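Student: I have a structure open and would like to go through it with you. Can we start with the charged side chains and take the rest as it comes?

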Amino acid sequence: MLREFILCSIIFCMETQIKKVDKNNISDYIKVFQEAGDLIKSGELVAFPTETVYGLGADALNPLASKKIYSAKGRPSDNPLIVHISDKNDLDTIAYKDSEKVDKIIEAFWPGPLTIILNKKELVPMETTGGLSTVAIRMPSNIVARKLIEFSGGFIAAPSANTSGRPSPTLAKFVFEDMEGKIPLIIDGGSCEIGLESTILDLTTEVPSVLRPGGITREQIEEVIGKVSLDLPKSENEDFHPKAPGMKYKHYAPKAELYIIDGEDKKVLDYMLKSLDKGEKVGKKIGIITTIENKDYLKSGVVKIVGTKEDESLVAASLFRVLREFDDEGVDFILSPSFANVGIGVAIMNRLKKAAGNKIIQV
Ligand code: TXA
Ligand code: MG
């Protein structure tokens, strides 16, 4: 304890403040934005809410500030950051619009949960792009995020505000769990509506490709610009080298081992019930992810309801929160059903498979 305290005082520990803002009364909180904006302009880190997940923000044009993000997260330095803007016109300052598809995409989906990859201009330091000549850019719809960007000079580099490898935070308290003592300020703007990170679309290639599935689906993008490919492994065993460096890392992992149970609803439920029985006999605590339809059947274990089978957006919104809650409750194993691999379900299954290290049990 004493050793930790001394280490903490020597290495980083600063006091981490949490300041609440109400996104429906943003003008009452100008002081908070001024303070946060000044911190970012001076090279510090500030965590803030977006409609997807909380971001860990720094001045994207300041190489030393970007470097701080990597050390606070424990993130490999080859994994580039997303630059967040609050005004569509600011895109021209940092990137080239090489394709006519760029304007169509921006018109259709910004502000919102879509990140685009473009060739970068000189102004963006390599520290922000992990050494790449391209840059990821997003204009969030969350008003708190946009206000902060405005007060910070217009360009905030921000990965998700979790320690590298952990589930992305969808509440300020989860940011605090991971970032306490490492950053001066967290802006608490409540929960993130979407709950999974933005879709990433690479627009630097002839046929654009989705590098990470998210809130905006491939089908929605194809309606606007035609054919789009999907940069995901075709099978679980494929030797796959993703174009988004971050997609190769183990991610979203809760502390307990997670298994995806795939099959007909009834068989999945039976498997879960049997596992709960077995778990009880050998003194293991089992966490169950399920939908409201199964609520009355699952009477033991640590059961988390994540919305309904019909509305997968609710599942997306609560997935990362429940993975973190299982950590707090000290479960030994987690079982989750698989979800339909269409629409937002593609993003849910992508995160779930990563969290499970691809452990899927067919029933
Ligand atoms: O919703 C989101 O996108 C959140 C919020 C805070 O905006 N941010 C987020 O950032 O998820 P992060 O750093 O956790 O994920 C960014 C992903 C990584 O997989 C990274 O490798 C990829 O974007 N990326 C960034 N720049 C890239 C580039 N130039 N080329 C390819 N992939 C890139
Ligand atoms: Mg992340």
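Student: Which side chain does Arg351 meet in a salt bridge?
Tutor: Keep in mind that this is a predicted model. In it, Arg351 pairs with Glu197, at 2.8 Å from N to O.

Student: Where do Arg351 and Glu197 sit in the chain?
Tutor: Arg351 belongs to helix H11, residues 344-355. Glu197 is in the loop between strand S9 (185-188) and strand S10 (199-202). The two are 154 residues apart, so the bridge links distant parts of the chain.

Student: Buried or exposed, those two?
Tutor: Both Arg351 and Glu197 are buried.

Student: What about Lys304, which residue does it bridge to?
Tutor: Lys304 bridges to Glu329, with 2.6 Å between the closest N and O atoms. Lys304 is in strand S15 (residues 302-305) and Glu329 is in helix H10 (residues 312-329), so this bridge ties together parts 25 residues apart in sequence.

Student: Why does Lys304 count as buried?
Tutor: Its relative accessibility is 11%, and the cut-off for buried is under 20%. Glu329 has a relative accessible area of 31% and is therefore partly exposed.

Student: Which residues are linked in a network of salt bridges?
Tutor: Arg166, Glu177, Asp178, Arg324 and Asp327 are linked that way.

Student: How many positive and negative side chains does the chain have?
Tutor: There are 47 positive and 52 negative ones, and the centres of the two sets are 3 Å apart.

Student: Now the overall fold. How many helices and strands?
Tutor: The chain has 11 helices and 17 strands. Its C-alpha atoms fill a box of roughly 60 × 60 × 40 Å along the principal axes.

Student: What is the radius of gyration, next to that of a compact globule?
Tutor: The chain has 21 Å, which agrees with the value near 21 Å for a compact globule of 363 residues.

Student: And what share of the residues is buried?
Tutor: Buried residues are 52% of the 363 in the chain. As for contacts with a separation of 6 or more, 69% are between residues 24 or more positions apart.

Student: Can you give me a contact of that kind? What does Lys41 touch?
Tutor: Leaving out residues up to four places away in sequence, Lys41 touches Phe151, Ser152 and Gly153. Lys41 is in helix H2, residues 30-41. Phe151 is 110 residues from Lys41 along the chain, and their C-alpha atoms are separated by 8.8 Å.

Student: On to the backbone. Where is the cis peptide bond?
Tutor: The cis bond joins Trp110 and Pro111, with omega about -10°. Pro111 is in the loop between helix H5 (101-109) and strand S6 (114-120).

Student: Last one: what is phi of Asn358?
Tutor: Phi of Asn358 is near 65°, a positive value in a residue other than glycine. Asn358 is in the loop between H11 and strand S17 (360-362), and is partly exposed, with 36% relative accessible area.

Conventions. Residues are numbered from 1 along each chain as its sequence is written. Chains are lettered from A and ligands numbered from 1 in the order in which they are written. This is a predicted model: local features need pLDDT of at least 70, side-chain atom pairs count only at pLDDT 80 or more; totals for chains, interfaces and linings use all residues. Side-chain values use heavy atoms; hydrogens and water are left out. Helices (H or I, at least four residues) and strands (E, at least two) are DSSP runs, numbered from the N terminus. The radius of gyration is taken over C-alpha atoms; the globule rule is 2.2 Å times the number of residues to the power 0.38. Buried means under 20% relative accessible area, exposed over 50%, partly exposed in between (1.4 Å probe, protein chains only). Contact means heavy atoms within 4.5 Å. Lys and Arg count as positive and Asp and Glu as negative; His and the chain ends are not counted. The place of a charge is taken as NZ of Lys, CZ of Arg, CG of Asp or CD of Glu. A salt bridge is a side-chain nitrogen of Lys or Arg within 4 Å of a carboxyl oxygen of Asp or Glu.
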